[in-house]
Amino acid sequence: MMPLVKVHYSNVLTKDILNSLSKSLSKLVGKTLVKSEGFVMVIFQQTELQSFGLDSTTPSLFIELKNVGTLSPEITNILSAKITELCI
């Protein structure tokens with residue numbers, strides 16, 4: 001089954017940025033989960049309002065990763081760190 005990466009974002013992103021991020025996320029998730037990146041689905045959803053704590057003015061991302069089966073804590077930690085590094 002295919003992993004799904006869903007990215008919620010609050011600021012305006014160009015199609016070039018979205019395409020680049022999509023390719024990077026597909027490659028990263030596919031490699032980490034030992035799955036073909038061609039089977040990784042990435043969805044971008046712009047939100048009207050998104051806040052972190054009480055701050056709703058600073059641009060932010062919220063990324064969900066869904067996978068059939070269980071992800072070990074080790075894999076979850078690796079993906080969290082690498083996705084964060086990719087998006088900063």
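A crossing of two helices is called left-handed if the near helix is turned anticlockwise from the far one by less than a right angle, and right-handed if it is turned clockwise. The structure to which this is applied here is a predicted model, in which local features need pLDDT of at least 70 and side-chain atom pairs count only at pLDDT 80 or more, while totals for chains, interfaces and linings use all residues. Residues are numbered from 1 along each chain as its sequence is written, and side-chain values use heavy atoms, with hydrogens and water left out.

The crossing of α1 and α2 is right-handed, helices (H or I, at least four residues) and strands (E, at least two) being DSSP runs numbered from the N terminus. Helix α1 covers residues 15-33 and helix α2 residues 73-87, and the two pack at an angle of about 160° with their axes 11 Å apart, where axes are lines fitted to C-alpha atoms, for helices over the stretch in contact, and angles run from 0 to 180 degrees between N-to-C directions. The pair is therefore roughly antiparallel, a description kept for angles over 145 degrees. The contact (heavy atoms within 4.5 Å) is made by L21, S24, L25, L28, V29, T32 and L33 of α1 together with I75, I78, L79, K82, I83, L86 and C87 of α2. By class, the residues of this contact divide into eleven nonpolar, two polar and one charged; Ala, Val, Leu, Ile, Met, Phe, Trp, Tyr, Cys and Pro count as nonpolar, Asp, Glu, Lys and Arg as charged, and the others, Gly among them, as polar.

In the loop between α1 and β2 lies V34, whose phi is near 55°, a positive value in a residue other than glycine. V34 counts as exposed because its relative accessible area is 73%, the cut-offs being under 20% for buried, over 50% for exposed and partly exposed in between (1.4 Å probe, protein chains only).

Strand β1 (residues 4-9) holds H8, which counts as buried because its relative accessibility is 13%. The side chain of H8 makes a polar contact with the side chain of E64 at 2.7 Å; such a contact is a pair of N or O atoms within 3.5 Å, where, within protein, one must be able to donate a hydrogen and the other to accept it, and residues adjacent in sequence count only if both atoms are side-chain atoms. L4 is also found in strand β1, and at 22% relative accessibility L4 counts as partly exposed. Leaving aside neighbours within four places in sequence, L4 is in contact with M41, I43, E64, L65 and K66.

Definitions and conventions. Angles under 35 degrees count as roughly parallel, over 145 as roughly antiparallel, 65 to 115 as roughly perpendicular and the rest as oblique.
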